[in-house]
Amino acid sequence: LLSQAALGCRAAQVLMQYCILANHYWFLVEAVYLYKLLIGAVFSEKNYYRLYLYLGWGTPVVFVVPWMAAKYLKENVELCVPLRCLPPAPPPQINLLIFMRILKVILAKLRANQKGYADYKLRLAKATLTLIPLFGIHEVIFIFATDEQTTGILRYIKVFFTLFLNSFQGFLVAVLYCFANKEVKSEMKKKWQLWKLDH
C-alpha cells in the first residue's frame, strides 16, 4: 500500500502531464480555428465549439489514463520517482505546418491589398511574431535535441528557453491578443469611463 505522500506525488505527476498535454492540444485547436477563419470556411461556430472542447480538454485524457495505468502496473514502487516515459503530445510539426499555411494565406491577402498597405512585409513579420507564442512554435526549436542528447551548455540553453517561453507564453498571448487589441482597449476605456461616472 502506497503512503499518502507517494499517492500525492503521483497525483501531482498525473495532473501535471494532463495539463501539459492539454496545453499542446489547445495550441492545435487555436491553429485549426484561426486557419478556418482565414480561409473563410463557412461553418457553424456552435457545431464546432463542442468539438474544440473535446479536442482541447478530452484528448489528453485518452493518453494520460493508459499512461497512468501502465505506470501503476509496471513501476509500482513506494517512492515517487522522476518520470522516464511520458504520454505522447501532438507533434509540434502539425502546428508548424498549419502555421506555414496561415502565413501563406496572410501573405497572399497582404499582397492583394498592397496598395492599401505599403508596409505589408512589416505587417507579415508582425503577424508571424505574434503567431509564434499562440501556436507554441517555440517547441519546434529544440525538437531534435532530446534530454539524452543535450549536454553541457546546450542543455542549460534548452532548459532556459523551454522554461522561459512556457512560463511566459500565456502572458504573451494575453498581451498580444487581448490587452493590445484595439477593440478590447476601447471596451476597457468605456468601462473605465462608466466606473468614473458612477463614483
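A residue counts as exposed when its relative accessible area is over 50%, as buried when that area is under 20%, and as partly exposed in between. With these limits in hand, the predicted model can be read through its aromatic pairs and then through one of its helices.

The structure holds 5 aromatic pairs. One of them joins tryptophan 26 and tryptophan 57 in an edge-to-face arrangement, with 5.7 Å from centre to centre and 65 degrees between the planes. Because tryptophan 26 belongs to helix H1 (residues 4–38) and tryptophan 57 to helix H2 (residues 45–74), this pair ties together parts that are 31 residues apart in sequence. Tryptophan 26 is partly exposed, at a relative accessible area of 22%, and tryptophan 57 is likewise partly exposed, at 46%.

Another pair, that of phenylalanine 160 and phenylalanine 164, is stacked, its centres being 5.8 Å apart and its planes 15 degrees from each other. Both residues lie in helix H5 (residues 152–179), separated by 4 residues, or about one turn of the helix. Phenylalanine 160 has a relative accessible area of 51% and is therefore exposed, whereas phenylalanine 164, at 40%, is partly exposed.

The buried residues of H3 include Pro92, Asn95, Ile98, Phe99, Ile102 and Leu110. Seen down the axis of H3, the buried residues fall within an arc of 165 degrees, so they line one face of the helix. Leu97, Lys104 and Ala112, on the other side of H3, are exposed.

Notes. Residues numbered from 1 in each chain as written. Predicted model: local features only at pLDDT ≥ 70, side-chain atom pairs only at ≥ 80, totals over all residues. Heavy atoms only, no water. Phe/Tyr/Trp six-rings, centres within 6.5 Å; stacked < 30°, edge-to-face > 60°. Helix = DSSP H or I, 4+ residues; strand = E, 2+ residues; numbered from the N terminus. Buried < 20%, exposed > 50% of the residue type's maximum accessible area, 1.4 Å probe, protein only. Arc of directions from axis to C-beta.
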